[in-house]
Amino acid sequence: MTKEKDKNIIQTIIKGPSLGYTDNFPKREMWEEIAKELNGEFKIKYNSGYQIEIHNISIPYKTWNIKISVSDSSPLKFHISFASSKDFELSLSWEDFIERILKKFGKPEIELGWIEFDKHYLIKSNRSDLVKEIITPEIQKTLLKYNVYSISYQTDTATKTAELISVIQRRAGEKEMIFELIDMYKLLIDKLEKLRIIE
């Protein structure tokens, strides 16, 4: 393998949403402020060798907790657990070139009517009617503004539980961005609750 190919592979890895290393130490103060302002909790953890710093934030909202995590080696993620009352699945992610070609020959994806958003994201669900009510124009604007990588809502019908997991981006971003994202997830929770998808 040539040096040029090696260099290209390394650049691809670094640009990806979940690989490469970033220094999270400078973000400690920001997370402390966010947790304090929203009556949440901020914890710092390390891997077994103390090389990787992990930031965990928990923000209470109604009867749920919005959990946020980011580390030196993994991207900013949001995670929320629910008691579930409906079998609902949702997958929203960046639409790449290959997916654009495949969708022309496969099952049509769910589109929400805003061309810029529909071109950027691929949406799959077992309930397109619910998706159109949940992913409001306000939520679409925030997703595009911060180029959120993915949102996945999965239901376990056996345990009547569900999880919403969202990968945002490689870096933690700034305080204003985090507040806007938290507000967006609160809106998502409100919609899920209103439609009686969660309990």
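Predicted model: local features only at pLDDT ≥ 70, side-chain atom pairs only at ≥ 80, totals over all residues.
I took a salt bridge to be a side-chain nitrogen of Lys or Arg within 4 Å of a carboxyl oxygen of Asp or Glu.

**Entry 1: salt bridges**

I looked up Glu174 and found a salt bridge with Lys27, with the closest N and O atoms 3.2 Å apart. Glu174 lies in the loop between strand 8 and helix 7, and Lys27 in the loop between helix 1 and helix 2, so the pair ties together parts that are 147 residues apart in sequence. I noted Glu174 as exposed, at 53% relative accessibility, and Lys27 as buried, at 18%.

I then turned to Asp190, whose side chain meets that of Lys62 in a salt bridge at 2.8 Å, N to O. Asp190 belongs to helix 7 and Lys62 to the loop between strand 2 and strand 3, so this pair links parts 128 residues apart in sequence.

**Entry 2: helix 6 and helix 7**

I found helix 6 (residues 137-145) and helix 7 (residues 175-194) packed at an angle of about 145°, with their axes 10 Å apart. Their crossing is left-handed. I recorded six nonpolar, one polar and four charged residues in this contact. Glu180 in helix 7 and Lys145 in helix 6 are among the residues that meet, and their side chains form a salt bridge (3.0 Å, N to O).

**Entry 3: strands**

I traced strand 7 (residues 150-156), which pairs in the antiparallel sense with strand 5 over four bridges and with strand 8 over seven bridges. Tyr153 of strand 7 stands opposite Leu90, and its bridge partner in strand 8 is Leu164. Four residues separate strand 7 and strand 8 in a hairpin, where Lys160 in the turn has a positive phi of about 55°.

Terms used:
Residues numbered from 1 in each chain as written. Heavy atoms only, no water. Axes fitted to C-alpha atoms, helices over the stretch in contact; angles between N-to-C directions. Helix = DSSP H or I, 4+ residues; strand = E, 2+ residues; numbered from the N terminus. Left-handed = near helix turned anticlockwise from the far one by under 90°. Contact = heavy atoms within 4.5 Å. Nonpolar A, V, L, I, M, F, W, Y, C, P; charged D, E, K, R; others polar. Pairing = 2+ DSSP bridges. Buried < 20%, exposed > 50% of the residue type's maximum accessible area, 1.4 Å probe, protein only.
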